[in-house]
Amino acid sequence: RAANGVPAEQPVTLVTTGGQRMGFASWQAVQASPTVYGLTRPSGLISPTGNLASGTATGWNHRIATNIGTLADSGVVMISGLFQGLGLPTSTSIPLVNRSGAAVWTTAASSRARVLAGAPSVRVTVTPSQREVSLFAYLYSVNALGVGELLSYKPVTLSGTAGRAQTLEIEMEAGAAEIPAGRKLALVIDTKDPRYADRTSGLGTVSFSSPAASPSLLRVPLR
């Protein structure tokens with residue numbers, strides 16, 4: 001307690017969009033013991049989607065085309081900023097995300113409410129066909145109708161990597177948000193976001209893989 005008898009706040013305090021306050025002794029404590037999901041090979045003829053599974057999956061490969069709009073994005077700056085100020089996150093329809101230009105993975109629906117508190121991160125191996133390419137990773141909370149609310153995202157630009165496999169560690173933006181029971185998490189990675197000037201041109205591809213030496217996975221700090 002502080003000298004005035006009021007309980008002292010923890011050094012790190014996160015406040016969710018719903019107003020829930022959480023205190024932590026350090027940023028390391030925020031990021032400690034995340035839930036880890038293995039990325040499996042996206043499958044399906046019309047709308048290929050991979051699983052975010054409890055174990056790792058290796059030996060697979062999945063390819064997308066570059067510079068294609070997919071419906072997954074971080075939001076138009078002024079509009080998304082206004083909505084977030086009102087407590088309304090940027091959202092999109094995950095089933096309608098164009099799979100020719102995006103790789104998509106989802107969890108099963110959660111049986112209980114969870115809270116995201118901290119910075120999610122992705123480890124994934126990519127092989128671009130072009131010398132320069134921008135990648136955009138998005139994490140969504142998805143309701144029963146398939147509407148995904150953006151929880152976090154991160155842009156990454158690669159240079160000089162044409163034809164060469166590269167394992168990326170992408171730390172997404174830190175955030176705090178309630179995730180109601182019945183929601184799924186969805187990870188989307190594409191090559192185009194209207195908010196950013198990217199380095200990606202058309203007529204290229206990006207292949208995603210999960211080698212045994214470095215399985216592709218998603219880490220999410222969930223409470």
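A nonpolar core is here a set of buried Ala, Val, Leu, Ile, Met, Phe, Trp, Tyr and Cys residues joined through side-chain atoms within 4.5 Å, where buried means under 20% relative accessible area, exposed over 50% and partly exposed in between, with a 1.4 Å probe and protein chains only. The model is predicted, so local features need pLDDT of at least 70 and side-chain atom pairs count only at pLDDT 80 or more, while totals for chains, interfaces and linings use all residues. Residues are numbered from 1 along each chain as its sequence is written, and side-chain values use heavy atoms, with hydrogens and water left out.

The largest nonpolar core has 32 residues, and those with the most contacts inside it include Trp105, Leu185 and Phe208. Strand 10 (residues 132-142) gives the most to this core, with 4 residues; strands (E, at least two residues) are DSSP runs, as are helices (H or I, at least four), numbered from the N terminus. A second, separate core of 13 residues includes Phe136 and Tyr153.

With contact taken as heavy atoms within 4.5 Å, and neighbours within four places in sequence left aside, Phe208 touches Trp60, Trp105, Val126 and Ile189, among others. Val36, placed in strand 3 (residues 35-39), counts as partly exposed at 39% relative accessibility; its contacts, under that same exclusion of sequence neighbours, include Ala53 and Leu218.

Some totals for the protein chain follow.

| Item | Value |
|---|---|
| Helices | 2 |
| Strands | 16 |
| Buried residues | 45% of 223 residues |
| C-alpha box along the principal axes | roughly 65 × 40 × 35 Å |
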